[in-house]
Amino acid sequence: MKHVRPSAPHRLEAVADLDAVIGRPAPMIMIKQISALDEGCRTVLALCPVAAFGYRDSDGTSRTTFVGGTPGFARALSPTRISFPLAGAGDPRGRGPRAGTGDPHGPVSLFFLLPGVGEILRVNGTAAGRKDGQVLVDVTEAYVHCAQAVLRSGLWQSPQGASAPAPPLADDGPLSGPGVADFLAAAPFLALSTWDASGGSDTSPRGDRQAVARILDGRTLVIPDRKGNKRADTLHNLLQDDRLSFAALVPGRSGVLHVHGRGAITDDPALLETMALRGMPPHLALLIDVEHAEVTGNDALVRSRLWSPGAHPDPATMPDLMALGAEHLASNASASPGGPPAFLLRAVGAIPGVSRLLRRVMDRAYRSGLRKEGYEDIRPQGFSRPAGADTGEGGSGHPLREVRVAEIRRETPSTITLALEDVGGDPRPFDFRPGQYFTLVADIDGRPVRRAYSASSAPGSSRLEVTVKHVGSGRFSTHVHRGLRVDDRLAVRGPSGSFHAGPRPPSDTVLIAAGSGVTPMMSMIRARIADRTGRDRIALLCSSRDAEEIIFAVELARLAQDFPDRLSVTHVLTRRDGRLDAAGVERWLARRSPAADAHYYVCGPEPLMDVVRSVLAGRGVPDEQVHRERYTSVADTGSAMTVPQEMIVEEDGRTLGTVMVEPGQTLLDAGLAAGLAMPHSCTVGNCGDCMVRLRSGEVAQNEPNCLTPQQRSEGYVLTCVGCPLSGVTVDIAEP
């Protein structure tokens, strides 16, 4: 894409001049909006995994981003109010809101995308604050938008892989930032937000063949405005308030280009001619003076996996938005002079098969109109499955499961238990082996953060309990202790881990834990005690700082009292008794006299595990009867990567696909978002299921992780905690 520097293009500044070019829309176009969400709108919200959101913060800065991640992320609290999560508002880099400026203020607007569907649902309203981490929006209007932008961009067609890099810019400016020009050269679709002078907001889709926005110089963009339905809300808004923002997409990538600046309308013939298709230039164009431009990873796109057909419902089950728009039109027609009679519209809509006929007619009309604009080879809506695309979560991993916080229970001054259950009215049991862990995923300051926590509840319940100790520098634990509330939503993946009790318990089970290491032990104890026919014995040695910090102290005491023949509990308080040493462990074991077939489970800091290992070795306990669990903490390598990097994914030397890894993303995030069958399980560097061989390039990994020195020397990396520092090639063949 050649960068062309303009020479003061002519600008339109009057409504009359604008209307002279675009004309006036038909009455039907202006009466299709409704003032409250009807059943059809609520159905769309329940199925929609992602939406574009335009808002202004308290500083007046215009911002557009993509929100969501799972179908039904936006909840209709009433016909005129919706809520949805918005993490990291106010900072397009996703590092959290600046003090006092992050939350949306005043008029806001959204459009909701259904994968494989051309039409979109637009919702406009006013920001109504936040509640329990959710943005509240009071709805003032909703309507169905035509499919032309989606069709122009080929949004739902197979991603075409990496595009050619953009030529370097000759001058400095926001558009010369890392990865910005290359992203623009590949982005065929964007969400553009504008505002009027009377309290209205508009976020509308823009799509074009190849690049939807073109660079003129280091701070100037141009977006063609091709003929549509003549409802030019964006253009009329810019004549009143020139501040705007947009968020651009590249199909197959999970990054977003965030831009804000000021816009103007031009009809300059020489400039329009540079954007002609088959000799037909657009009738107008938007000139944007860019104030800020930055490419970031976007968690909504990562989790929604818009370009992975198997991750979404069958298109045949999607609602027909054209039919929904017709219902809205019929509901407004009788109150609009000059509009079609409402009874006639409803009568036609009730004819069997008429919806399918109207769909064919409209699809033909779309294609005919786009060909007149110069577009060729307009393909049908829907997916064409890319090679290597998965049909679920890919690889051996467990899918993400959305849950709500049903209860928060204080265990100690520094420890709480979260009771989690499925979102919706059809809870499923959480099946796992006692001792295994789950990976929790939360949006924190605009980025997905994952941590692994052992289940402390017994398997088989519709509630999963995890117990979280607050660590002073722990990002996730701080969020759980200070920011999480009942009814907040998280995602969980799992179960994972080989530290678990077997299906047939030995006659003696010996548990040795320190601090929060008792949480997987509690799951084992609860599961075994629940079997009232069992005759096996459990002995727990639990080290805590002091009596106040004994996790599950009350329940452990009660269970030991109620089942004295099956459970014994011994506490060591390090402030009183000192740390456990080899002599102390040996004395305790001597008093317990475990049977020869006893299995030993140890969870805690490495020094304690080393002590227990040496004692058991001295007693001649076979290695296969000793089980150890090591917790790892995840550092943040994402900040080391500021430029999108290309990743080539191979399997036994055969190329499966090429994707771009955005700043702040891991190799696994990018691969899954592009629909590649990347192996994974825990996603936090604990299990090793995502281990791949690095064929070329350089990768930074969070430490510590489960890779052995030999695996590192042989060139293996973990995609779930690895971020590329250059272009990379990885081979996902099983090691």
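Predicted model: local features only at pLDDT ≥ 70, side-chain atom pairs only at ≥ 80, totals over all residues.
1. Arginine 558 is partly exposed, at 42% relative accessible area (buried is under 20%, exposed over 50%, partly exposed in between, with a 1.4 Å probe and protein chains only). Its side chain meets that of aspartate 562 in a salt bridge, 3.7 Å from N to O (a side-chain nitrogen of Lys or Arg within 4 Å of a carboxyl oxygen of Asp or Glu). Aspartate 562 is partly exposed too, at 43%.

2. Residues are numbered from 1 along each chain as its sequence is written, and side-chain values use heavy atoms, leaving out hydrogens and water.

3. Glutamate 555 and arginine 526 form a salt bridge at 2.5 Å, N to O. This pair links distant parts of the chain, 29 residues apart: helix H14 (residues 553–562) holds glutamate 555 and helix H13 (residues 518–529) holds arginine 526 (helices, H or I, of at least four residues and strands, E, of at least two are DSSP runs numbered from the N terminus). Arginine 526 is buried, at 15%.

4. Now to strand E17 (residues 415–422): eight of its eight residues are buried, so the rest of the structure largely encloses it. E17 pairs antiparallel with E16 (residues 401–412) over eight bridges (pairing takes at least two DSSP bridges), and a two-residue hairpin joins them.
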